[in-house]
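Please look through the model below, and then follow the paragraphs after it from one part of the chain to another.

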Amino acid sequence: AEQEEDQLFWDTLEKLQDFIVNKTNCTTLQHSELEADDLIAGWVQNHPNDTHVIVSSDTDYYQLLSNTVKQYNGITCELHTINGIFDKKGKLVIDKKTKLPKTVPDPGWMLFEKCMRGDSSDNVFSAYPGVRTVGSKNKIGLKEAYADIGRQGFAWNNLMLQQWVDHEGKTHRVLDDYERNRTLIDLTAQPTHIKKLINDTILAGQEIKNNPMIGAQFLKFCSKYQLVKLSDNANAFANMLSAAYPGKS
């Protein structure tokens, strides 16, 4: 049953992809060696003067948030920005525990902490297992090192030059593992050949489409898959799907 459900999902996704690529004016990007977050980050970086809304619940995208980049979480119906988290009515979301407006954590700190602690869901290993968030009298923690990241003075070097031994007896230097994790997690620190693939894929995808009767095509697609709520708002979706790439800013 699970295999049948998976097959149905991928078949449906393929039909949706075909519709977006061939029946709309939307720009689409895909490369067999790149993940979606690489292309999203590359698109943002290649269009610094445009306004971007990333539709995802993945907090990895917090590192991209800026005055021109926002993130919409469709699961919670929240818009995450550097100025706060807003609900679908445009009001600040209030934390039920603190009774204060929710805020997005400092993107720089979140990125640094993740590069240090790793990400088990993506098989990214810790650069310093067991490191404390806040240090003690005799040991530097992540907060102290992060506060020193710009100057890279005593606190930074004290932490980064530490060594630890894994279960196989191999000695690791924290800085080496941190830099390894940056290439895997930091969306501005990909290897040079990956950045070239990103830029080449974006350049190739910047064609200006002029597909006709997109509204009618959208209604036909909704009818075929019984997407009633989408068809009820067909005009709004048709306007979005009809908007062609305007050219590089």
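Glu179 forms a salt bridge with Arg182, and their closest N and O atoms are 3.4 Å apart; a salt bridge here is a side-chain nitrogen of Lys or Arg within 4 Å of a carboxyl oxygen of Asp or Glu. Both Glu179 and Arg182 belong to helix H6 (residues 174–185), where they stand three residues apart, about one turn of the helix. An α-helix has 3.6 residues a turn, so residues three or four places apart point the same way. Helices (H or I, at least four residues) and strands (E, at least two) are DSSP runs, numbered from the N terminus. Glu179 counts as partly exposed at 33% relative accessibility, and Arg182 counts as partly exposed at 25%; buried means under 20% relative accessible area, exposed over 50%, and partly exposed in between, with a 1.4 Å probe and protein chains only. Arg182 also meets Asp186 in a salt bridge between their side chains (3.1 Å, N to O), and Asp186 is buried, with a relative accessible area of 6%.

All of this is read from a predicted model, in which local features need pLDDT of at least 70 and side-chain atom pairs count only at pLDDT 80 or more, while totals for chains, interfaces and linings use all residues. Residues are numbered from 1 along each chain as its sequence is written, and side-chain values use heavy atoms, with hydrogens and water left out.

As for the whole, the protein has 10 helices and six strands, and its C-alpha atoms fill a box of roughly 70 × 50 × 45 Å, taken along the principal axes. Of the 249 residues in the protein, 33% are buried, and the structure holds nine salt bridges.

One of these salt bridges joins the side chains of Asp60 and Lys114 (2.1 Å, N to O). Asp60 lies in the loop between strand S1 (52–55) and strand S2 (69–73), whereas Lys114 lies in helix H3, so the pair ties together parts that are 54 residues apart in sequence. Asp60 is buried, with a relative accessible area of 16%, and a network of salt bridges links Asp60, Lys114 and Asp119. Helix H3 (residues 107–117) is also the place of Leu111, which is buried, with a relative accessible area of 18%.

Helix H8 (residues 214–224) has Ile214, Phe218, Phe221 and Cys222 as its buried residues. Seen down the axis of H8, these buried residues fall within an arc of 100°, so they line one face of the helix; the arc is that of the directions from the helix axis to the C-beta atoms. On the face of H8 turned away from the buried side are the exposed residues Lys220, Ser223 and Lys224.

The surface also has patches, which are made of residues with over 30% relative accessible area and no salt bridge, like charges being joined within 9 Å and nonpolar side chains (Val, Leu, Ile, Met, Phe, Trp, Tyr) within 5 Å. Glu2, Glu4, Glu5 and Asp6 gather in a surface patch of negative charge. Asp6 is found in helix H1 (residues 2–23) and is partly exposed, with a relative accessible area of 46%.

How values were computed:
Areas by Shrake-Rupley, 256 points an atom, 1.4 Å probe, with all protein chains shown as cover. Lys, Arg positive; Asp, Glu negative; His and termini not counted. Charge placed at Lys NZ, Arg CZ, Asp CG, Glu CD.
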